[in-house]
Amino acid sequence: MAFVPAPGYQPVYNPALPYRCPVYGGLRAGMSVYIQGTIHPHVNQFVVNFSCGQYDGADIALHFNPRFDGSNRIVLNTFQRGSWGAEEDRRDLFPFHRGQHFEIVFFVNPGGYQVTVNGSPFYQFNHRIPLERVETIHVDGNLTIQSLNIIGGGGGGMGGGVMPLPAYPSGNLPVMGGPQYNPPVPYYGHIGGGLTSKRTVVVRGLISEGATGFHINFKVGSSGDIALHFNARLNEKAVVRNSFLRGSWGHEEREMSFKPFKKGQYFDISIRCGNSRFKIYVNGQHFCDFKHRFTAFQMIDGLEIGGNVVLSFVQI
């Protein structure tokens, strides 16, 4: 079953490197780029370039270059008209480690790129080249990329819609529909207007090293019913789906096409509401379906997330 992304959400999973990802509609303030992956044990360096073309030698608006060369520094720069600009670097903080997982987020602000690594603010790189010229995200080096997501863009078969995003990361955004960055756990979000057919909820985060599990609940505020309970039980190596209606739990569903969750790793879950069922995708692969037991799904107006996870992004 083909993965259907949410509007304004352009995920790419497990691309071979080097990889050039087009920015459909061009880069704009309010967009963000998420990169999750694993650093190879024998890495020397890797690069993420915000390029002004899909060819070698194009101008680069942001060159992000961690170097594992003994000094362990991260160089940021621009490349314009065939020449490199003045380097900016961080030597006091090097958040990457050989053989470990990572997440880099580039928030595109009007004044520059705000970079966070593994959920912590890292650097602000002011624009030297107009961001509207950026056409491509280019990644290369000794990495395995689990996912690359451009959030807030249009095009790419998604009807050209633009999802408005804040121009800054925050863990204290209002609890309401829309994207939230680094929200606290337990998390509760309001689904404005209730669920509708073809609406997709996206949850991205990191499973803690000592995790026993986490859950996602789609709730009916007026009754307390849980239309979908998605419960990853790591100690049981199971993912349980169920519902809690009229004060009682229903029959558990545990069938799995693959085992998607591991301690210490990042995940990307998309749950799409259809007319007869929820369609659940994990890391871009169809994981399972859950037939509606609460058929008036338009009354589902709450999203609840709890357990041993660190959330990096939730889109309702």
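How many of the eight residues of strand β21 (residues 266-273) are buried? I began my notebook with that one, keeping in mind that this is a predicted model.

**Entry 1: burial of β21.** I checked each position against the cut-off for buried, under 20% relative accessible area. Eight of the eight residues came out buried, so β21 is largely enclosed by the rest of the structure.

**Entry 2: which way the side chains point.** In a regular strand, side chains alternate between the two faces of the sheet. I found Y266, D268, S270 and R272 pointing one way from β21, with F267, I269, I271 and C273 pointing the other way. Residues of both sets are buried, D268 and R272 included.

**Entry 3: strand partners.** Next I looked up what β21 pairs with. Strand β16 (residues 200-207) pairs with β21 in the antiparallel sense, over seven bridges. Within that pairing, I noted I269 as the bridge partner of V203. Strand β22 (residues 277-282) also runs antiparallel to β21, joined to it by five bridges. Here I271 stands opposite I280. With three residues between them, β21 and β22 form a hairpin.

**Entry 4: the largest pocket.** I then turned to the largest pocket, which holds about 240 Å³ of space. It is lined by 19 residues, and the closest to its centre are Q146, P260, Q265, Y266 and N283. My strand turns up again here: β21 gives two or more residues to the lining, as do β3 (32-39) and β13 (143-151). The most comes from β13, with three residues. I also sorted the lining by type and got eight nonpolar, nine polar and two charged residues.

Note on methods. Residues are numbered from 1 along each chain as its sequence is written. This is a predicted model: local features need pLDDT of at least 70, side-chain atom pairs count only at pLDDT 80 or more; totals for chains, interfaces and linings use all residues. Side-chain values use heavy atoms; hydrogens and water are left out. Buried means under 20% relative accessible area, exposed over 50%, partly exposed in between (1.4 Å probe, protein chains only). Helices (H or I, at least four residues) and strands (E, at least two) are DSSP runs, numbered from the N terminus. Two strands pair if DSSP finds at least two bridges between them. On a 1 Å grid over the protein atoms alone, a cavity is a set of points where a 1.4 Å probe fits but cannot get out, and a pocket is an open set with protein on both sides within 12 Å along at least five of seven lines; lining residues have an atom within 4 Å of a point. Grid points are joined across faces, edges and corners, and a volume is the space filled by probe spheres set on the points. Ala, Val, Leu, Ile, Met, Phe, Trp, Tyr, Cys and Pro count as nonpolar, Asp, Glu, Lys and Arg as charged, and the others, Gly among them, as polar.
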